[in-house]
Amino acid sequence: YLQLLDTLNPAHRMWSDGRWNKFTIAHGCYWKKCSFCDIHLDYISRYVPAKTVELVDQIEEIIAQTGQTGFHFVDEAAPPKALKDFALEVLKRGLQITFWGNIRFERAYTADLCVLLAKAGLVMVTGGLEVAEERLLKKMNKGVDLEQVIQSTHAFQSAGVLVHAYLMYGFPTQTEKDTLISMEMVRQLFEAKLLDSAFWHRFVLTRHSGVYANPTHYAIKIAPEPENVFASNDIAHEDPKGGDHDLF
């Protein structure tokens, strides 16, 4: 594979700079409640964690086959306990690896746990901050609040682990004021050196999400869907309580 750099940002570079063997700590998502996510599909809803010893056995096998010691865990969200068990097994065997992956910004990521993960080879985490505004975090059933985000990102940064945040705008009922508050909170997180990089996505309504399953709760109107022989991904909807999301 070609190694291409589209930015010098150290966190953004992680996707394309270097060679990463792809693994999962667990199939599916242990939270599986975020209302914007396709939680009714198998790849989200069926949660099956890997067996730690077997996982590290496979990692040693892949290193022997490829000579590559970099690993990208492509989980929906790697579970904190499973990551801890993985790190302990890696350290027990004296493996020298580098790894990164997707997590949820939870209280479970204490300073001690983040130091342990960093010692085992963790160099970056990516996580869904989504909308940095408390009402909307509750509305989307994210299961974390801003206090948890600040605590966990601080723990990772203190351990020398890069932090990338996924961000969202245009969630149902999100006003223009809500979007500006969220943007300002993200600016402050960067100012406090709790984030290294981030990326904004426009909310997309999908068929297997909680929002689609309960549009009344989110105060949206779903437009009639045209015939589509392939798939229905980006479903048109009206958001009368929301602001003009195109502005952003």
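**Salt bridges, pockets and a surface patch**

Glu-106 and Arg-104 form a salt bridge in which the closest N and O atoms are 3.2 Å apart, a salt bridge being a side-chain nitrogen of Lys or Arg within 4 Å of a carboxyl oxygen of Asp or Glu. Glu-106 is buried at 18% relative accessibility, and Arg-104 is buried as well, with a relative accessible area of 5%; buried means under 20% relative accessible area, exposed over 50%, and partly exposed in between, with a 1.4 Å probe and protein chains only. This is a predicted model, in which local features need pLDDT of at least 70 and side-chain atom pairs count only at pLDDT 80 or more, while totals for chains, interfaces and linings use all residues. Residues are numbered from 1 along each chain as its sequence is written, and side-chain values use heavy atoms, with hydrogens and water left out.

The whole structure holds 15 salt bridges. One of them joins Lys-81 to Asp-85 at 3.1 Å, N to O, and because these residues are four apart in helix H3 (residues 80-93), about one helical turn separates them. Helices (H or I, at least four residues) and strands (E, at least two) are DSSP runs, numbered from the N terminus. Lys-81 is exposed at 60% relative accessibility, whereas Asp-85, at 27%, is partly exposed. Elsewhere, Asp-57, Glu-60, Glu-89 and Arg-93 are linked in a network of salt bridges.

Glu-130 lies in strand S6 and Lys-142 in the loop between helix H5 (134-139) and helix H6 (146-158), so the pair ties together parts that are twelve residues apart in sequence. Both Glu-130 and Lys-142 are buried.

The largest pocket has a volume of about 790 Å³. Of the 35 residues that line this pocket, the closest to its centre are Phe-36, Cys-37, Glu-76, Glu-130 and Tyr-166. A pocket here is an open set of points on a 1 Å grid over the protein atoms alone, where a 1.4 Å probe fits, with protein on both sides within 12 Å along at least five of seven lines, and lining residues have an atom within 4 Å of a point; the volume is the space filled by probe spheres set on the points, which are joined across faces, edges and corners. Strand S5 gives the most to this lining of the largest pocket, with four residues.
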